[in-house]
Amino acid sequence: MTVTVPSTPSTRLPGSLADTLASDASLRRFLHGLPGVDEVGANARAAALSTRSLKTTAKAAALDLAITMVDLTTLEGADTPGKVAALAAKARRPDPADPTAPAVAALCVYGDLVAVAKRALAGSDVAVAAVATAFPSGRAPLEVKLADTAAAVAQGADEVDMVIDRGAFLSGRYGRVAEEVAAVRAVCAGAHLKVILETGELGTYDNVRRAAWLAMLAGADFVKTSTGKIAPAATLPVTLVLAEAVRDFHEATGTAVGVKAAGGIRTAKDALPYLVLVGETAGADWLDPTLLRLGASSLLNDLLMQRARMARGRYVSPDDFTLD
Amino acid sequence: MPRTEVRKTYKLFIGGAFPRSESGRVYPVTDARDRFLAHVAMASRKDARDAVVAARAAVAGWSGATAYNRGQVVYRVAEVLEGRGAQFADLVAAGEGVSAAVARRQVGAAVDRLVWYAGWADKVAAVLGSANPVAGPFFAFSVPEPTGVVACLAPQSSSLLGLVSVLAPAVVTGNTTVVLASQRLPLPAVTLAEVLATADIPAGVVNVLTGHTAEVAPWLASHGDVNGLDLAGADAELALSCERAAAATLTRVRRPSVENYGDEPGLGRLSAWLETKSVWHPAGR
Amino acid sequence: MGTELVYAPAPESRATVHLRGSYGLFIDGEFCATRDGGMTTTTNPATEEVLAEVTHAGAGDVDAAVRAARRAQSRTWGRMAGAERGKYLFRIARILQERSRELAVVETLDNGKPIKESRDVDLPLAAAHFFYHAGWADKLRYAGYGPDPRPLGVAGQVIPWNFPLLMLAWKVAPALATGNTVVLKPAETTPLTALLFAEVCQQADLPAGVVNILTGAGDVGAAVVAHPGVDKVAFTGSTEVGRQIAAAVAGTAKHVTLELGGKAANIVFDDAPVDEAVEGIIRGVFFNQGHVCCAGTRLLVQESVADTLLAALRRRMRTLRLGDPLDKNTDIGAINSAEQLARVTALAAAGDEEGATRWSPPCDLPRTGYWFPPTLFTGVTQAHRIAREEIFGPVLSVLTFRTPGEAVEKANNTPYGLSAGVWTDKGSRALWMAQRLRAGVVWSNTFNQFDPASPFGGYKESGYGREGGRQGLGAYLDAAY
């Protein structure tokens, strides 16, 4: 599976949209002019989408698709080269007993472990994603954030997951948020950029919509819900708002931005509704690892367990799957 | 030889669990003829403190549940109590010294009391709330909302029906409670806690303490994080001192009175633990 | 790029359902054969399969049922303490919850509505109505009708085919809670859940005669309404029949409430939350195949956002799944009968003839059964038949407006007045509109929300009287008039 070649942000916006980036005021006019999101209605729509029933062939296909969308993640202070290497082995061959199980999309690690990850994944199609920009808080000077990003890219990161400055967003300094995204984007060069909105800190769905648009205007290749370090992390309604945003952005500009739901997705039963929701909202084009990712760690084993259950026709033991 | 029975240990009920008193103390409970029945925990001020913490922690979830849901849960308590009626009849008969038949009627009345209150959950707002015809272009309405944590001194002599009559109205309206059981007749209260624990009542919504009323009540009365105080189980002297203590934090107090718990309760305890919130919103283009 | 997630068939199992081959009438606590009526069948509108044989009651049956209801009311039910009546209703509510999967499947088989709706809407609400009203049975003195409001006696109730069990709950629960007894006639095409409800009454040990169920066609309903032993008439159905009933009870002592048709305006302003408004429009008119009296069948969209909104609406309509009602992924089920399909088809054709523009998303209609695709008409004006007449199908007529005042005028410009929807981000505007819309239910930033605690009913030719809430009790009590 291949990574999307990121488009250059300055050329992908029509003039009218590019003009919004001129100032805080123009960004504010645009973002606050977007239609609001009714919280109750959005929650109801997400809940309704989660009642879609995936059975038999649909479920098997969805499980495999979900596996290919996993960004297998380890973001702990205690991470070591050994831990990363173990996870990399799992990423390329998730099910020791079943070679037909597809590989995941990417391995997601802290920036200083990218080289280890790249070596461990050499020869596979699994990408290496690095979190950067003073993840998870984002509270550091821009120079530090850019240096963080550059170091990861230099080690060979294929993808960069940055965090937006939520303090700037919540105090209305939209220009600053956009500048940082654009600056990180430039440093990424060929790596694709996911922008973490940290939706759990944004407070309202209206803010999630605005932050998503802000990130996309500034050059995001993916909008991502969360760092996974606070609760709430990914939820179906928040992902619904992101799916609507990427759909509308595509309609306005022709550019398809991806969606990553991260944090709190632990089981297949949690995960499959995300596929349904994004597919029905943004469209079938998004049902692809180039445009939809699930950031998770323990989810992978549950997807594999469900897959094995369907193949073997009986319930399986967690012991059949590796803990890395 | 008749079989030797396994006797029950009676503990406190705090935050959905059954701990002993942190003080390690117990006191003996006797039946109406002064024969030993069991030891119960003698709650200390720290147990009361812990119970208030548990009750407060449960407020957001319980007051945020729909009224329909609260009504369903209280109805379920009635179902479980009905099923365990014989056990409660034994406890009431032994403790209060009434006949088995009277005790059974009390249990039936307690179940019916729970059903009565369960049915109020989704009706209180229609009866006590209003749309207010203010003289201006506003939509103005008033809604009753639960006050928060209510400490109840359960009636001293009506060990099941009185107990239920005091705790159900607080709970069904979305408050959480710390109930101090009758000092002399606490066994039905602790056993009711077992019913609550198995009947979908979330942890912390009802907490049951057993102990010496005069020792524990003042700590609940003066507690800054208790919003309401039902003095049903206080004698005149204790009631006075508790009401004075509660005044320091403006706790809403319901004074004790002579009550026939067999009568239909009316709205008193339903409205006692409700605040009224009035909201205004202009209506304009 | 991208893989369409093709939802494999996900049929709900019929294994929980055990239908008898033939059903009698439920009179005085027992199923019995007809005295002077006949037999007929009920079919599955999605497949045209016969589900069961049911009885078409005769005049003698109506008389027996009313007499049984009268006996039960005067000897048992009317004398019973409210708390005891309440406990029977609580039992019924619980049994509905326990049997809800089975009842949902039967409802879908008999009515054609998607299982997702019977399971997630009809059944939970039906149980909720019984729970809610059970709690009023012993609290009537607090309901605002005086210290000791008395029941009216025997209620004759006629219900429609669109929400068979739920409409039964809306009628039976308040009637019983207030101390009345009931003779109920379910719709001709959807008798099964009412007959299963009779079994539920038996399982709850409800005293004989408190609930009586007579199946049959319009003539049976008319006989129930006209019977001199009936004190209270409650009808939900078409405005045309409502007029007949109002005329039939004229000059008698009978109390009557009517819940009739509608042509609700769903009003979308330029500041509406667009995605949720689109969901609300969809829910408003395609939920239950549009077989909803309060359906939002006239979309009034502010002219400045009409194109954007309609583009979003069409995009969303393309994801609607029409097909086997028993499939858990079906959004739009079957039209209830051949007759109803013919009516919908004819009115839609009128829309074409009068110059409106019809659009439906591509939709495969199954070869057996009665089906109509979700349909949108743009370029509609107030004078078009599809803007004035109730279609009772999945057909939405779109009109535009410029100002709030104009929206109110157009919304109210109909003989109906059952419901309305208002979509705006501005609270004061939602309330200003709500104050001025001549409709018994106004939904703002939502649609088709129902709750037993919220009174429901219409203005003008959508009927009179309310069901649900404290206000709904009055229809069954002597004190209110």
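Predicted model: local features only at pLDDT ≥ 70, side-chain atom pairs only at ≥ 80, totals over all residues.
Residues are numbered from 1 along each chain as its sequence is written, and chains are lettered from A in the order in which they are written.

**Exercise 1.** Determine how the axes of α4(C) and α5(C) are arranged.

Solution. The axes, which are lines fitted to C-alpha atoms over the stretch in contact, with angles from 0 to 180 degrees between N-to-C directions, come within 9 Å and cross at roughly 5 degrees for helix α4 (residues 115–136) and helix α5 (residues 164–177) of chain C. Therefore α4(C) is roughly parallel to α5(C), a term for angles under 35 degrees. By class, this contact of α4(C) with α5(C) has 12 nonpolar, two polar and one charged residues.

**Exercise 2.** Compare the reach of helix α2 of chain B with its expected span.

Solution. Helix α2 (residues 67–83) of chain B has 17 residues, and the expected span is 1.5 Å times one less than the number of residues. The expected value is 24 Å, and the helix reaches 25 Å from its first C-alpha to its last, which is close to it.

**Exercise 3.** Describe the side of chain C that touches chain B.

Solution. In contact (C-beta atoms, placed from the backbone, within 7 Å) are 23 residues of chain C with 20 residues of chain B. The elements giving two or more residues to this side of chain C are α2, α4, α14 (427–436) and α15 (469–473). By class, this side has 12 nonpolar, six polar and five charged residues.

Definitions and conventions
Helix = DSSP H or I, 4+ residues; strand = E, 2+ residues; numbered from the N terminus. Parallel < 35°, antiparallel > 145°, perpendicular 65-115°, else oblique. Nonpolar A, V, L, I, M, F, W, Y, C, P; charged D, E, K, R; others polar. Contact = placed C-beta atoms within 7 Å.
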